[in-house]
Amino acid sequence: MQTNFTSAQLADPHMAASEKILRSCVHCGFCTATCPTYLLLGDELDSPRGRIYLIKDMLEGGKPATAEVVKHIDRCLSCLSCMTTCPSGVHYMHLVDHARAHIEQTYKRDATDRLLRALLAHILPYRNRFRLALGAALFAKPFRPLLAHLPRVGKRLAAMVALAPPRSPAVTAEPAPLTRADRRRVAILEGCAQPVLQPAINAAARRLLARADIEVVRVAEEGCCGALVHHMGREAQALEFARRNIDAWITAIDQQGIEAIIITASGCGTTVKDYGFMLRDDPLYAEKARRVSALTCDITEFLDRLDLPAVSTAPKRAVAYHSACSMQHGQQIRDEPKRLLRNAGFTVRDVPEGHICCGSAGVYNILQPEIAGRLRDRKVGNIERLRPDIIATGNIGCITQIGGGTAIPVVHTVELLDWAHGGPMPPALERAPGLNSRVVQFPLA
Amino acid sequence: MSSIAFPTPDPAILARRDDIIAGLAALLPPECLVTSEDERRAFETDALTAYRRLPLAVALPRNTAEVAAVMAFCHREGVKIVPRGAGTSLAGGAIPQEDAVVIGVSKLNRILSVDYANRTARVEAGVTNLSISDAVMPDGFFYAPDPSSQLACTIAGNIGMNSGGAHCLKYGVTINNILGVKMVLIDGTVVDIGGQALDPAGLDLLGLIVGSEGQLGIVTEATVRLLRLAEGARPVLFGFDSSEAAGECVAAIIGAGIVPVAMEFMDKPAIEICEAFAKAGYPLDVEAMLIVEVEGSEEEMEAQLARICEIARRYGVKVVKESRSATETALIWKGRKSAFGATGRVADYICMDGTVPTSQLPYVLKRTGEIVASYGLRVANVFHAGDGNMHPLILYNVNDPAEQAKAEAAGNDILRLCVDAGGCLTGEHGVGIEKRDLMRHQFSEVDLTQQMRVRAVFDGRWLLNPAKVFPLDGRIAA
């Protein structure tokens, strides 16, 4: 597509990168067909091609973002379905990230929007603050109908409170692993929200790795990967998180010899794998970021490369595998999780319209509750048609989002794998009455 | 820079813009009306992006009644209308003009009913081509026309352009697969044309509507034919040492009376581009490749393939590679159908759509290469060889005005070549704005006048998609 940037504009590396992306777009329109918001709204402005055009015009003109542009960019889930579809290789993710940062710098949101976003940016990425906030949300849950009636911000506050789990999960104490010089070593991102919401996920991952004689090194200084704030256009904060994690992991790589940085939330995986790009112009961090990104992999990518022992008994559980957008589009991981589940004895069913987002998308379900709710209902409808016993997915956001719309238990893929390989039954299954009563003793071996 | 002229916008309409928008706002809710400049900008072009015009406003009605209300209003006010499906036209069929309201049918995206007993489906016109097949595939049916943009393009657009696709060699194009339409006329009158069966009573008005490029009305619903999926289907890749040999092989297969379900051509540049994207296993050591798909029972496929292979050997086929799995078949077609978009990874392009008798393919391919080379540009050929529908992609740099002028000139030369070789300007993309000024190369003034007289019956004031199809001068009114 034709572009009209001045050479002065292109001297800015961000602008040069975006210009290159825009030049590769041929405006064929294929992306519109697989965009969740276009499917729902039928307006090209709420499709990747429309957004690309809005961004192009805004950046070329060097214009501050307008309310109209912000409306349509805000509605983008960043599910990246368009990138899977695009035959021309348009890197929409980097383009929309640039646009979001531009919006954050040039557009003044209304007071309630600013407040809500600041609240999210100052709580979610911090484990302890988030734990406290979750307690407050549990307290607020009975008042949700009242919250919803607050002007302007009510629906979104109610959506936020609704996402809090019904009880605060117990924090399980993990035995400190024994260090042995000859063992393979990895790090697992603890991150921010997941260990608070579902500590069972990383515990399951650790047990699976321990059975394969792989040591999980604790990297105390790491934290939120930055994805949540990055998607809100808060670039500086996101880069700050990225640098902190990079410092922590580089130390672990150099001093403890970790061979991989394993991620159990695909939303985070997409971002950590992009650190190399995000910090490409930072002379102090560019190289380190590239190294970190290169070693980063999803837990299922890593497990798929291991020779996990065979599971001798079939669990006879039908699993609907929901591929998170950050998994299938952001990281292009499709077969590994399903292969692992099948090898562990589960019957895996593909969800119709599986390429469409469930509406979770980071904090999207809080900021855009109406669209997110419609997408959730559509997703749950597609899943329930399969009549599965269990829904498995690889991203905490999807677990919370889909779990809010169905009685079928939603678990992380590694929880099922761990269970099949001798670990405890996933907590969500224990709580599911129908399932639990039918669980005889698994694994039977 | 651009050799294609747009009519001068009507200053009286531009001056009344606020009133016109107020009138539209009384007919549509805010989420169905696009008026700000930033937002209108996204509708200024389609897939022929070298040409752009900012529309006066964009209306996105949700049902036939809203389409009719907007059209009646525009008709009353003398405002021009540019219909838009998914905006995937390669001929500029959906490019607006400054004094026109775009009416997009993208919100009309429901499949209304499926009737397997009569093998039909009733759909709103904004549904995508592929979503119809997706909906009926689990029950063993499909909708046959399959333009490469079928993932995104709408039935409305397919009807406007009488779209074809790879599998039209056997199943025919849009006109052969549409049974009836609901259409809004320029004054807002809603009419039903055709019916539920192949041969409705009365004049064949459907034949007039399909392919009329949005100049006779706006289709809001369609009844389409559904076909049973074949028992089996298998694409086979045939690699040749030269484009001419591949072209001769196509002519010989068709000449022998064999009708495979699809017969697609790719030359070396196209193979390389598509293979890099789809990793479909295309042979990279050949100058040209045919994708020939056969279908039916195992015996039928084997018998037809044996005959095709025998002919291919006569033309020195170098590589024969059959798809061995459903995954391979999907990749082979993904590569082919993504060819245009994937070309965007290499260069900007304009895509020609001339159609020639298959016997002329070797000559036209050779001349196409010579023409493009004479302008100092490159070409990639990927097209529906079985029905002689050529798609040379002229590669150039759209940011370079001189190259753009050369690309356009080369394109015009190629289209004239197609007409002179006994073919026509467009196989399936339509005339749009792209080929409008070449219409006199294909048709005499008498022909054009008769076509315009028919057009004038529906829209005597030239309000519907007026800058398209017919040369801007010499137009006749009602």
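Predicted model: local features only at pLDDT ≥ 70, side-chain atom pairs only at ≥ 80, totals over all residues.
Where does Gly344(B) lie within chain B? The residue belongs to the loop that runs between helix 13, residues 339-343, and strand 16, residues 348-351, of chain B. Is Gly344(B) buried or exposed? Gly344(B) counts as buried, because 24 C-beta neighbours fall inside 10 Å and the cut-off for that class is 20 or more. As a point of orientation, Glu300(B) is 44 residues away from Gly344(B) along the chain, and 38 Å separates their C-alpha atoms.

Let me turn to the contact between the two chains. Here 27 residues of chain A meet 32 residues of chain B. On the chain A side, the elements contributing two or more residues are helix 4 (48-60) and helix 5 (67-74). Helix 4 of chain A provides the largest share, namely four residues. By residue class, this side of chain A comprises 12 nonpolar, 11 polar and four charged residues.

Finally, I come to chain B as a whole. Chain B contains 17 helices and 18 strands. Along the principal axes, its C-alpha atoms occupy a box of roughly 65 × 55 × 45 Å. The radius of gyration of chain B is 22 Å, which agrees with a compact globule, since 478 residues packed in that way would give a value near 23 Å. Of those 478 residues, 54% count as buried. Considering contacts in chain B between residues at least 6 apart in sequence, 73% join residues at least 24 apart.

Note on methods
Residues numbered from 1 in each chain as written. Chains lettered and ligands numbered in written order. Contact = placed C-beta atoms within 7 Å. Nonpolar A, V, L, I, M, F, W, Y, C, P; charged D, E, K, R; others polar. Rg over C-alpha atoms; globule rule 2.2 N^0.38 Å. Buried ≥ 20, exposed ≤ 12 C-beta atoms within 10 Å, placed from the backbone.
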